[in-house]
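Hi everyone, thanks for coming.

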Amino acid sequence: MSARPLVLRQMLRDRRRSTLWWSVAVAVMSVTFAAAYPSVHDSAAELDSYMDSLPEGLVELFGAAGGIGSPAGYLSSQLYANVLPLLLVVLGIGAAAWSIAGAEGDGTLEMLLANPVGRLRVALERLAGVFVVTFVVTTVTTVALALTAPLFDLDTLPGDALWAAGVAVWALALCFAGISFGAGAATGVRGTAIAAGSAFAAGTYVLYGLAGLVASLSDLRWLSPWFWFLDADALTTGFSTRLWLQAVLLPLIVAAVVATGGLTLLQRRDLR
C-alpha cells in the first residue's frame, strides 16, 4: 500500500455525512443558545443574585463563577460548561470506539488488515480520523458563533475568546476519546471502549463537582480534566499560557498515554 493516508481517507469518506450533520446540528444549537443572550441580559441582575445564593462549588460547576450577565459568563454557563463539551465528548467517544473495536467486532478490521498494511498504521490513521472529525465539528461551531456573535451583543468578548474556547473544548473531547480508543484497541470490544471513555468522563465530572462542594476533597479537583478545562476560563482570558498548559496539553497527554498503551496491546493480541 502506498504511503498516502488511505485508511484515514476511507474513514473520513465513510463518515462524511454524519460529520456534516453533526456539524450543522451542533452549530445551529450553539447559535440558538447565543441568540437568547439579549433576553437573558435584561434579567441578569436577578439571575446573578440567584447564583450568589448557591454554593460556590456548584456555581463553578455550572460555569457561572463570573456571573451570567456578561457575554463570557452567559456562554460559559449555558454552552461551554455543559452542553457543547458533552456533545463533543459523545461524538469523540463514539468515533474512537468504532475506529478499532467496532471495526473488529463487525469483521471489517480483519478485511482491511488483509491488505499490505500493518495494525499500527491502521490504528494511527483511524485515531487521526477521530481527531479530524471532532476538529471539523468544533471548527464549524466556532465559526458560526464568531460570525453571529455581533448580532446578539456578544461581540465584547476578547477577539480570540471563542477560538480559545473551541481549542480547549476540542482537547477535552480528545481526552475522553483517547481513553475509549485505547480501551478499544486493547480489548477489541466496542462496549468496553464506550464504557471506559464514558465512565472516565462522568466520574471525573462528579469528582470535580464534589471537590468544589467538599472542602476535604478540594485538592482532588486537579485530577479532573473538567477542572483543567473550566478553570482555564478561555472565554475571559483567550489564548493564555494557562489555557495551553492546563486545558490543552494535559488532556492531550492523557489521551496520548492511554492510546499508546492500547496500541501496544493491539500489536500483541490475536484479533477476534
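So, where is Asp-233 found? Asp-233 sits in the loop between helix H12, residues 225-231, and helix H13, residues 234-237. Before I go on, keep in mind that this is a predicted model.

Now for the backbone at that spot. Asp-233 has a positive phi of about 50 degrees, although it is not a glycine. As for the surface, Asp-233 has a relative accessibility of 32%, so it counts as partly exposed.

There's another Asp to look at. Asp-153 is not a glycine either, and its phi is positive too, about 60 degrees. You'll find Asp-153 in the loop between helix H9 (119-148) and H10. With a relative accessible area of 47%, Asp-153 is partly exposed.

Okay, on to helix packing. Two packed helices are described by the angle between their axes and the distance between the axes. Here, helix H10 (residues 161-187) packs with helix H14 (residues 241-268) at an angle of about 15 degrees, and their axes are 7 Å apart. Angles under 35 degrees count as roughly parallel, so H10 is roughly parallel to H14. What kind of residues make up this contact: nonpolar, polar or charged? The contact of H10 with H14 has 24 nonpolar residues, 3 polar ones and no charged ones. The crossing of H10 past H14 is left-handed.

The largest cavity has a volume of about 30 Å³. Residues from H7, H9 and H10 line it, with each of these helices supplying at least two. H9 gives the largest share of that lining, 4 residues. Among the lining residues of the largest cavity are Tyr-80, Leu-84, Thr-138 and Gly-166. By type, the lining of this cavity splits into 5 nonpolar and 4 polar residues, with no charged ones.

Last stop, the second largest pocket. Its volume is about 170 Å³. Helix H7 (83-105) and helix H11 (190-213) are the elements that give two or more residues to its lining. If you want to find this pocket on the screen, look for lining residues including Val-89, Ile-93, Tyr-205 and Trp-226. The lining of the second largest pocket has 9 nonpolar residues, 2 polar ones and no charged ones.

Methods: Residues are numbered from 1 along each chain as its sequence is written. This is a predicted model: local features need pLDDT of at least 70, side-chain atom pairs count only at pLDDT 80 or more; totals for chains, interfaces and linings use all residues. Side-chain values use heavy atoms; hydrogens and water are left out. Axes are lines fitted to C-alpha atoms, for helices over the stretch in contact, and angles run from 0 to 180 degrees between N-to-C directions. Angles under 35 degrees count as roughly parallel, over 145 as roughly antiparallel, 65 to 115 as roughly perpendicular and the rest as oblique. A crossing is left-handed if the near helix is turned anticlockwise from the far one by less than a right angle, and right-handed if clockwise. Ala, Val, Leu, Ile, Met, Phe, Trp, Tyr, Cys and Pro count as nonpolar, Asp, Glu, Lys and Arg as charged, and the others, Gly among them, as polar. Buried means under 20% relative accessible area, exposed over 50%, partly exposed in between (1.4 Å probe, protein chains only). On a 1 Å grid over the protein atoms alone, a cavity is a set of points where a 1.4 Å probe fits but cannot get out, and a pocket is an open set with protein on both sides within 12 Å along at least five of seven lines; lining residues have an atom within 4 Å of a point. Grid points are joined across faces, edges and corners, and a volume is the space filled by probe spheres set on the points.
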